[in-house]
Structures are given as C-alpha cells and as structure tokens.
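This report describes selected features of a multi-chain structure. The sequence and coordinates are shown first.

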Amino acid sequence: MMEKILSRHFFNAEARKLSFYLNDGGYEAARNALTQMTPQQVADQVIRSNLRGLGGAGFPAGRKWSFIPKDSPNPRYLVVNCDESEPGTFKDRHILEWTPHSLLEGIIIAAYAIGASQCFIYTRGEYLHYARMLQAALDEACQAGFFGKNIWGTGFDLDVLIHLGAGAYICGEESALLESLEGKKGWPRLRPPFPAVSGLFGCPTIINNTETLSYIPAIIRYGGSWFAGLGTPQNGGLRLYSVSGHVKNPGVYELPLGTPLREIIYTHAGGIRQGRKLKAVIPGGSSTPVLRADEIDVRMDFDSLAAIGSLLGSAGIIVMDESTCLVKALAVLAKFYHHESCGQCTPCREGTGWMARILNRILDGQGVRDDLENLLRVAGNIRGTTICALGDAAAMPVFSFITKFRDEFESHVLQGRCLASK
Amino acid sequence: MSLQSFSDRLLSEISEILARYPQPRAALLPILHACQRESGYISRDTETAVAELVGIPAIDVRETVSFYSLLLDKPAGKYHLQFCTNLSCTLLGAEESVAAACRKLGVHPGETTRDNRFTLTTVECLGACDLSPSLQVNDDYYANMSAEKVNELLDKLK
Amino acid sequence: MPTLTIDGQQVTVSKGATIMQAAEALGIYIPRYCYHPGLRVAGSCRMCLVEIEKAPKLDIACYRQAAEGMVVHTTTEPVKLARQSILEFLLSNHPLDCPVCDQSGECDLQNFYMEFGLYQSRFLENKIKRRKAFPIGRHVMLDNERCILCSRCVRFCEEVSRSHELGIVNRGDRSEIALREGSQLDNEYSGNVIDICPVGALTEREFRFQCRVWYLNRAASVCPGCSRGCNIELHYNVNRPHQSGGKRVLRLKPRFNAEVNKWWMCDEGRYGFEFIDAPSRLQDFEIRTAQRTVVASREQAVQTLSDWIGDSIDRHGSQSLGIFLSPKLSNEDLYGIGKFARHVGIDCLDFRNPSERPGYQDDFLIQADKNPNTRGCLELGLYRRSEDSGGWMAGEIQRGKVRVLIVFLQDLALAPEFQQVLGRLERLVFVGSNRNGTAEIASLVVPSATYAEKDGSFTNFEGRAQRFERAVVPLGSAVAEADLVASVAVSFGMQREEFERERLLSDLRREYPFFDQEALNPPELEWVYQTPIGQERL
Ligand SMILES: Cc1cc2nc3c(=O)[nH]c(=O)nc-3n(C[C@H](O)[C@H](O)[C@H](O)COP(=O)(O)O)c2cc1C
Ligand code: SF4
Ligand code: SF4
Ligand code: SF4
Ligand code: FES
Ligand code: FES
C-alpha cells in the first residue's frame, strides 16, 4: 500500500515536468477513464472512494457531481477552487508547485465525468508564480494532446483557463468565486439555485477544490474502494494537512484522514518549538473552532472533529504554544474577517467590524466588564443570519476562544493583565 | 486620456485575453491585471477605457477595482512590501518585521516612502504559513522574516 | 399552488411566490429594507428573517419561496431577536441625525426601531465617519453616514432607469454608495431613488428642510406632465405654508399602478408642479379695454361673457363663436364645455395647437405628447376631423367668420397661424391658470383652477381614464372651467346641476361608453413608497 499520493515528489522540481509525471504512470488514469469508462462509471468510483471536498465544507465529491441536471441544454463548466486564502492553509500552493499534473489529470477526469468541455482554475492573485508553474505544466500537457480537441481520439474536448483572482478571501466561497470569475466584485449569491444547476454564466457548474481534484487520478487508477480504505469509514483516503505556528517543522503532511492531531503535531511536525508547552490548536483553518491542548487526541476527520464541536475545514492546523496571548490571537482573526467581509449583508458587514473593535479595545487595556458577553452576543447575532458562511466563520472563533479560554479573556478585561507566559 | 493612451502591446494583450473568455466581462480581472502590470496602478481613466472595452458601465469597473486588495487605484512604490500579519505569521513575530521595516523606511503601514521606492502594507494570510513570517515583495515571496532579515533585504533593494 | 401556514393562518399562493408575498396576502407585514417589489431581490439586509419549521436556521422571507405544507412564524422570539439585532447592527454605525433629517417621520429605521427594536444600545465604539449630505445630481442629495447599503438605489439605476450611475464601492464596512468621480445622478427618473431609499440617505434637494413630513397632507392624483398619466400623490401643506415660502404643494410622489407607472414617475413630472403656486398664477377676473384693465368680480365676468356670447349669436349666429380647448383640461371640464357648446350650437371647436411639437420620449414612461388628456379630447370628438391640426380656426378668424374666441389654457399667441389674426377678433377670452401671452391680449381673463385644485380625470394615451382628487382650494378667484361654463350656461337655459362634477362624470360615463371605466372610481391612497408604519403621523 502506498503511503503518499500527492506529496511523494514534493520538493523535487523535476516532478513538475510532464516527462517525470508520465514516467510515474501519469495521465494513464485519465486515458483509461476517457477510453474505457463511461462518465457514470467514473463518478461511481469517486462515490465509492468516499472522497469528500477538501476545500472546507467536506461535501462528498461524487454526490456533488450527480447534481448536474441531465437535460440542461447549456454548456457545463468545471471550476477549480484554487483561491486558498483560509489562514493556515497552504496545501494547494504545494500542489501547484510540485505536482501540477495531478491537478490537471484530475481535471480531465472530472470534466469528462460531468460533461464539461471548459474548465476554469481560479487561483488567488498572490500565487502568480505558482500559477505560472501550473501554466507551464498545462502548456506541456496541451502539446502532448491531453487538452484541446478530440482528446485521445475520443471526441472529448477540454480547454482549461487559469484565472487569477485579485486579493479577496471571500472569492474562495464558491458563489463569490463565480461572481468574480464573471468579472464582478465577489459578492456571494443567494441560494438556491446551487451552482450545479445554475453557476458560471447561469450554466451548470461544478466547483471543486484543487486538492479534491488532484486525488481523482489515483482514485481512478487504483479504484475507489482502495482510496476509501486509506481513511476511516465515511472519511476516505488521504489528505494534505497544512501545519503552521509554533511547531518545529511547519509544512504540508499527507496522511490518512483520521490521523490523530497529536500525532500530526508531535510526530510529523516535530512537536512544539523551544520545548514549550502546547496551549491551543486551530484544527482546520482559521474559521474552525479552536481546541485546547487536552483535546488533541481527536482524530482528524470530518466526523470526529464535528463530534467535539469543531471542524476539519481545510485541514490548516495552527499550533499555539504557551507564549501565545489568545486575546491577541483572536483579535488577529477578527481583524481578518473584518477586512475580508464582502459587506453585502448586514450582520457580517457590521458585526465583523464591531467584534474587531471590541477586541482591539480590550488589547489596549480599555476593556469593560460587558465586553465578553457583548462579543458572544454579537457573534451569536451573526451566526446563522448571513448570506454566506463567512459570517459563521467569523463568529466561530469568537465563541470557541472565549468559552475555552475564558480566564485569559477575563484577565485582560478585568485586570488588564495578559496570562501568556513570555 | 482613454483607450488612445493604451500601448499597442497592452491593447493586443487585452484582445488576446478577451478572445479566451466566453463573455467579455469575464475577462475583466485579467485585463485589469494587465493594465496594472503596465502602469503600476489603475487610474480612473483606465477604468473608463476598460469599461468601454468590455462593454460594461464604468461604475461596475470602479466597484470591482475598489473591491479587490490587489488592484491599486493609486501608484505604489517600486517595491511593494506586503507583510503578512495573519495568525501564523504573527505567532512567529511578524509584527517585529513590520516594525523594523517601518523604522527603516520611516513610514507607517499603508504609506509610501517619499522617494516612491517602497510602499509598505500589512496583508492577510498569503497562503505561505509554512514560511512564516512571510512577506511578498511585488510578486515574490520571502520566507521566515525577522527584523534582521528585513533590514538586510531593504538594503539590498535600495 | 402551494398552501402554507404563516402565524397560524393558511394561505395558498401561486407557484414561485415568496414567503414575503404569501404573508402580504394574509395582511402580515414583514419588515424589510432591501426588498422592493419593483426590483430584483437582493436578500442582503436580513431584516425579513422568519422562522420556518424544520429548517436549520432562520431564512429570509423576501427570497425563500413558499412550499407546500411550509409552516412559517414571524412573531416568535428568534424572529424578534433577529430583527432587533439587525436594527442594532444597522444603527451601530448610524449617525444620530433624526432631528435634522428630512426623512424623519417616514424613515424605516425609525419606524422599525419603534416597532421591532427598542433594545439597550451596547455599542461603545466610535462610529465610522463618512461623507455627509452632498448633492449627487440635480435633485438628489446623498449622506453616506445614513446609508444602510440596502442597494435599492443601485438596483434602480441598473434595472429601471438603466443608467448605471450608482454603485457600492469598497468592501466590508468600508462599503459605500458612490458615483464615478465627475459624474452625476442625472437620469430622467432620478427622483425615484429618494422614494425607495428606506432611510434619509437620499433626500430631495428641492424638499430639503421645507417641511417636516408629518405636517403634510396627501391627495391621490395623476401627473399632468405627459400622456402617460402616472399615478401620483400630491403632498401639500395648508397649515404652514409660511414655512415653505408660501408654497402649498410641496412634492409629488408616485402612486403604485401596476398598469401605468408601477412605483415610478419621471423627474420632469415630479418637479413639474411649481406652476401650481407660481407667481404667474392668475388669481383675478380681468376685463381689458383698449385703455385699461380692470379687476372684475366673478359675477361681472360671467355676465360679460354671457353677454358677449349671446350678442354674437344674435348678430352673427353661433358660427361666429370659436372655442379653443386644451388637452390639459380634464374630461369633466371638456365634457361640460362640450355640452354647453352643443346647447348653443357652437361647432367651431378644436384643441390641437398647431405650433406644438412632440417632445422627448423614451421606451419606459415618458411620452412625446406632453398633455395629459389628448385622448380624452379625441374620444369626446372636440375637434374638426377633416383637419389635422387646429390651425384651421385661424383661417376662420381670418375670414371674419369667427368673431369671438374663447381660449382655454393654451398660448395661441405663440402659434404663428394665430399671431396674425387674433387682433381681428371682436372678443378674445382667455381661461387659464397661469398668465401667458394670450392672457396679455385677451379682453376677458378668467383664472382657472389647476388639477391640484379640483376633482377630475384625465385619459392617458392608452385610453385609460384616471381620477385625480382635489388637494387644495383654488387660488384667489380661480374656478374650474366647467364651473365657469355652468354659470354662463344658466343664462342660456341650462341647469346648473348638470355641471356638478360628479354629475358631469356620471353623464360622461353614460353618454360615452368609452369612459365607463373601472379606473374612474374614486382612488384610494396607499402608502406605497414607504412602509405603512408611521402613516398615522401624516
Ligand atoms: C468564506 C469562505 C472561503 C472559502 N475559501 C475557500 C478556498 O479558499 N478554497 C476552497 O477550495 N474552498 C473554499 N471555500 C469552500 C467553497 O465554498 C467550496 O465549498 C469548495 O470550493 C468546494 O470544493 P470541494 O467540495 O472540493 O471542497 C470557502 C468557503 C467560504 C464560506
Ligand atoms: S456573510 Fe459576510 S462575506 Fe458573506 S455575503 Fe454576508 S457580508 Fe458578504
Ligand atoms: S442610499 Fe438609500 S437606497 Fe441607496 S443603498 Fe443607501 S440606504 Fe439603500
Ligand atoms: S412619465 Fe409623464 S405622466 Fe409620468 S411622471 Fe413623467 S411626465 Fe408625468
Ligand atoms: S498567516 Fe502569514 S502566510 Fe498564512
Ligand atoms: S428584505 Fe429580505 S433580506 Fe432584505
């Protein structure tokens, strides 16, 4: 059994090249899918693999594909979400840099499965260099006839366009991404309709995360059941964990779903720096509820984290040791959501700024007794009332930080004293 | 000033971009990126000209330009220092790098040096927390910044 | 056709109807800011959150479609709390401007706060400072601090006026309404954004500080600005005209009519009411001789006119009399005049001013014919069919056939055909509301009431007859045209009662089946451009 799929050749610049990838058996899965399988058979393998969306929401990939209406006269689109802006997440960047052909091959297979002949890869503007690496890989693959007209003589056509965003976290939210791709500001859309029914230019559209699609070739190559067997039940396969913060070896680690958080931090990422003690961990990108040090035996999969009130999200693990001031940490996150709220709906537009200002005031030593209750109340008023999930994402850290580390917050508010050990 | 002020090179780049998209408006961000690469920022006149090219109201281009952090509506310095101050970078001391840069350049975040060489901004997570504290100068990433490394870098860029 | 239950009441609505619409059908009011029935649903203010049983969270009534068996609650604690919190969010950066805000009294922040808010403010932070009241166009002022970013005005400029001046720039709580630098909100319909702005962010330059809205009275009316006949409300103030420079009618607002103008009206029409209280208004009867002009009493004037008419008929027959009507007259006045003309045998009648040229027109509301009642004149047959303009009457004067001419409203002195010949008349009578060149040379001037000063109806270009109601009393001695005619007609053996306005209308409807229309039933006023809450203050 293979231990790694996408990260096998991380940090090997040769692996970016088509020849290297082909030597490794690359594009065989795509060729097989197109020449030997029906789109439905492809989708069935993906369903069997239990592959869940790795962009954050964890929606089963195969199921999502099945929502494309069978009878729509409009063209269908495949859109790759490579906006990767969730703080603490940098796995998609690694895919672009070290194994772009995995993504491209996954795109061919997914496009074939859903019947799309145009794909857009939406990459955050800051990733210009990485987008260029991907473009170079795409050019090579086009030359080899893997993209364009009549691929492998099957009559299947596919064009891919790499599209650069321009600096907006919200454009990672799929409906905002579509707006952005249409040349508008990134204001999320009301749903329904969902993109599978009416997405880009009003046409049926499937949006998948970069990593999600990059696992598809292996699933087709070795079978859906094989992939499913790599993880825990209902949480198939491997995934890329981004680990950052106070660990000795920050980086991307490819491990089965369900790997205990403790193992990721201590075994793979080398443990905490300078022999310090762990204080808190954000398990799945900044929007996911924080965990205390005593909660890290949790298995890193969608269901186990949900069971303890957190989320796997984008699997961006941010590790904070005892020197961390959690009021400060939360203020940093609040500033982020305030900066990134698109401003369309009232609770998020007004609430994110409000929370950020309260937290800053507390940090400035101007906290008042009611502030914590007020923060929780404002977060509560944002939660579940907004157009998109950014509102919830902004509220969740506030709840989890304040409830789990109440003493630190109270000390700041009431005594103006920071409990972090420096 | 309007379309006439666009260089031939830019105009041909724009028409190539337009050809790639199923709808002209979808080409808006790539076109704005191209304009910004050419002149460092997007002036109001450029907005009007682009609106005309794409066939949309000028206010829509204004909305778009003002929405995205990477699109600048006034010129930045030759080197645009973008310090990440999100959580992973802050945990590892991003603020010290920012402070060092501010001291050395004599500016506050958001400002440009008088000689127009440096603009200093703080930005949100750059997707490079494995390299924290991270910094982007124009399009290039720099890893593991510290006050010391900032000073060295600024010396080199001067 | 789903059937759903809202607050315990069942209702069946058409497929695709929203919860908001279903609630409206039950008379249940759900507060809203961004929703406007004439605009695409934005779903952004979140004021209309309601509870739907079995749904994981509250949902917005303006967007969520009604479904079979759905059970909706609009008064439960979670809904109340949500409304309160939306208000709290909106007010967190809102300035405390009410005492100096023109919107005060018809503001949905005030209204909903009174109805659904009333929380204890817990906002300790500094409010965001923004640009205060500044003009953004000929008629409109913008105050960015008061704006709640409901985007109604933006959607209006995109979807209705299709002029695209406004946008929301920046991101997050830095977002604000903006125009492009150097550009203006100057479309033909700009005033509507004032009506639909739920707060005092967009206010009227003309109305600025003129009157607190709770001192205004309202009358249902029809715009006389063109042949569309947009349904409007006249807002007037009779108790405090000193506060507004003597003006009684202070503003016009569109009144919803699904077939005619929906929620809208054009600026030309909206700001075209100045003539009602203008200094050019005629207020007295005037009798002019070569030597001098004297102010006459109504009785004197009526007597004089009756004498002139009787005299001319006696001497030269009724062919010696001409009547030049106006397509700005109401159906009732036209009908009354026509009735009298028939009675005394005048058939030299027309209304078509030969010098009038078609004006600006668009594919939305504005019509090229700037008269509200051309169609009424046509249907009543008050013109000479064999001619294609009223210029023929100049020929009759020229030939000496017509000796006495009664002109209603129009400035015939401006029409080249008539300029030459008016001097040949033995008597020129002018009946009109405002002074013009024809009034200057008339031997008898009768001041008449404007549409704001009488009940009546106009027939729009599509043939829709529409009622308007009197708002204020006629200025000075002004009379409705049909009343004048009535006074004269009694000297010719007619009954005054025949000219009473309701009678005119019912006779008209009977005699001309064309006019027997639903729309002629008395109009009802609804507070359509703002929510009904607070209405009792007006
Ligand atoms: C505020 C916000 C930001 C998001 N950012 C990203 C992102 O950067 N990358 C991503 O793949 N998904 C992001 N998502 C999730 C997407 O909306 C969407 O669920 C995902 O792209 C679907 O792909 P998947 O099913 O393959 O995960 C974000 C969602 C929200 C609400
Ligand atoms: S929740 Fe925030 S980001 Fe999402 S639509 Fe509303 S304002 Fe925009
Ligand atoms: S100006 Fe008025 S109508 Fe326009 S967005 Fe603001 S509050 Fe809404
Ligand atoms: S379109 Fe005609 S009727 Fe309507 S408001 Fe304008 S002028 Fe008056
Ligand atoms: S937090 Fe700085 S790059 Fe992610
Ligand atoms: S009225 Fe429904 S969200 Fe604004």
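The sections below treat packed helices, a sheet, ligand surroundings and cysteines in turn.

## Basis of the description

The model is predicted.

## Helix α2 of chain B

Helix α2(B) covers residues 28-39. Its 12 residues should span 16 Å at 1.5 Å a residue, and the end C-alpha atoms lie 17 Å apart, which agrees.

Nine of the 12 residues in α2(B) are buried, so the helix is largely enclosed by the rest of the structure. The buried residues are L28(B), L29(B), P30(B), I31(B), L32(B), H33(B), A34(B), C35(B) and Q36(B). Their cover includes elements of two chains: β2 (118-123), β4 (156-164) and α8 (174-181) from chain A, and α1 (8-20), α3 (44-54) and α4 (58-67) from chain B.

## Helix α8 of chain A

Helix α8(A), one of the elements covering the buried residues of α2(B), is itself largely enclosed by the rest of the structure, because seven of its eight residues are buried. These are S175(A), A176(A), L177(A), L178(A), E179(A), S180(A) and L181(A).

The cover over the buried residues of α8(A) includes β1 (77-82), β2, β4 and β5 (205-209) of chain A, together with α2 of chain B. Just after α8(A), G183(A) has a positive phi of about 90°.

## A buried lysine in chain A

K91(A) belongs to helix α5 of chain A, which comprises residues 91-98. With a relative accessibility of 1%, K91(A) counts as buried, since the limit for that class is under 20%.

Setting aside neighbours within four places in sequence, the contacts of K91(A) are L54(A), E84(A), N209(A), E211(A), R239(A), L240(A), S242(A), V252(A) and S314(A).

## An open sheet in chain C

In chain C, three strands make up an open sheet in the order β6-β7-β10, with antiparallel pairing. Strands β6 (134-135) and β10 (202-204) stand at the edges; each has a single partner strand, so one side of each is left without a neighbour in the sheet.

Strand β7(C), residues 140-142, runs antiparallel to β10(C) and is joined to it by three bridges. Opposite V140(C) stands E204(C) of β10(C).

Ligand 2 has 13 residues around it, of which C342(A), C345(A), C348(A), T386(A) and C388(A) come nearest. By class, this shell holds eight nonpolar and five polar residues, and no charged ones.

Ligand 3 is also surrounded by 13 residues, the closest being C147(C), C150(C), S151(C), C153(C) and C197(C). The shell around ligand 3 divides into 11 nonpolar residues, one polar and one charged.

Two cysteines illustrate the sulfur separations. In chain B, the closest cysteine sulfur to that of C102(B) belongs to C84(B), at 15 Å, which is too far for a bond. C102(B) is buried, with a relative accessible area of 15%.

In chain C, the sulfur of C98(C) has its closest cysteine sulfur in C107(C), 6.4 Å away and likewise too far for a bond, because a disulfide requires sulfur atoms within 2.5 Å. C98(C) counts as partly exposed at 37% relative accessibility.

Key. Residues numbered from 1 in each chain as written. Chains lettered and ligands numbered in written order. Predicted model: local features only at pLDDT ≥ 70, side-chain atom pairs only at ≥ 80, totals over all residues. Heavy atoms only, no water. Near = heavy atom within 4 Å. Nonpolar A, V, L, I, M, F, W, Y, C, P; charged D, E, K, R; others polar. Pairing = 2+ DSSP bridges. Helix = DSSP H or I, 4+ residues; strand = E, 2+ residues; numbered from the N terminus. Buried < 20%, exposed > 50% of the residue type's maximum accessible area, 1.4 Å probe, protein only. Expected span 1.5 Å × (residues − 1). Contact = heavy atoms within 4.5 Å.
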